[in-house]
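These are my notebook entries on one model.

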Amino acid sequence: NAWNEHMECDFSYNDMPSEKISSNNILKLKDELTLKISKCTYVLVIVSEDSNKEDLNSGLIGYKNWQNWEVAKAKELNKKIVGTKVNSMFEPPEELIGSCTSWAR
């Protein structure tokens with residue numbers, strides 16, 4: 001929140017747990033997320049305890065969950081990726097392994 005409120009920092013985010021994402025139209029959601037990711041310079045991936053949890057719509061998403069899809073899309077769009085873990089014990093999304101530009105500690 002502090003980064004988002006700092007006037008000199010061009011930073012924005014949308015913190016939305018995967019269970020709150022409306023998946024009525026997966027293609028529309030993918031288009032919206034692709035647009036947001038395409039505008040980014042960096043993609044910050046915050047690894048939580050649910051980062052490898054399988055989404056109920058994984059078959060429609062095409063990946064284990066939305067976070068894996070977002071990382072794959074960032075890689076496809078050649079975005080710089082930074083990963084950080086909420087807890088060092090949490091496993092990163094499968095798509096993030098070996099593809100991070102850097103890890104924030």
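I began with helix H4, in which Trp66 and Trp69 both lie, three residues apart, about one turn of the helix. I took helices (H or I, at least four residues) and strands (E, at least two) as DSSP runs, numbered from the N terminus. The model is predicted, so local features need pLDDT of at least 70 and side-chain atom pairs count only at pLDDT 80 or more, while totals for chains, interfaces and linings use all residues. Residues are numbered from 1 along each chain as its sequence is written, and side-chain values use heavy atoms, with hydrogens and water left out.

**Entry: aromatic pair.** I searched for ring pairs, which in Phe, Tyr and Trp (its six-membered ring) require centres within 6.5 Å; planes under 30 degrees apart count as stacked, over 60 as edge-to-face and the rest as tilted. The count came to one aromatic pair. The rings of Trp66 and Trp69 have centres 5.8 Å apart and planes at 75°, so the pair is edge-to-face. I then checked burial, where buried means under 20% relative accessible area, exposed over 50%, and partly exposed in between (1.4 Å probe, protein chains only). Trp66 is buried at a relative accessible area of 3%, and Trp69 is buried at 6%.

**Entry: sheet.** In what order do the three strands form the open sheet? I found the order S1-S2-S3, with parallel pairing; two strands pair if DSSP finds at least two bridges between them. S1 and strand S3 (102-104) are the edge strands, each pairing on one side only. Direction ignored, neighbouring strands of this sheet are turned by 30° against each other on average. S1 and strand S2 (residues 80-85) pair in the parallel sense over six bridges. Within this pairing, Val43 has Ile81 as its bridge partner in S2, and Val45 stands opposite Gly83.

Helix H4 (residues 66-76) lies across S1 and S2 and runs at about 155° to S1. For that angle, axes are lines fitted to C-alpha atoms, for helices over the stretch in contact, and angles run from 0 to 180 degrees between N-to-C directions.

**Entry: Thr84.** Thr84 lies in strand S2 and counts as buried at 19% relative accessibility. I listed its contacts (heavy atoms within 4.5 Å). Not counting residues up to four places away in sequence, Thr84 touches Leu44, Val45, Ile46, Val47, Trp103 and Ala104.

**Entry: chain totals.** The protein chain has four helices and three strands, and buried residues make up 30% of its 105 residues.
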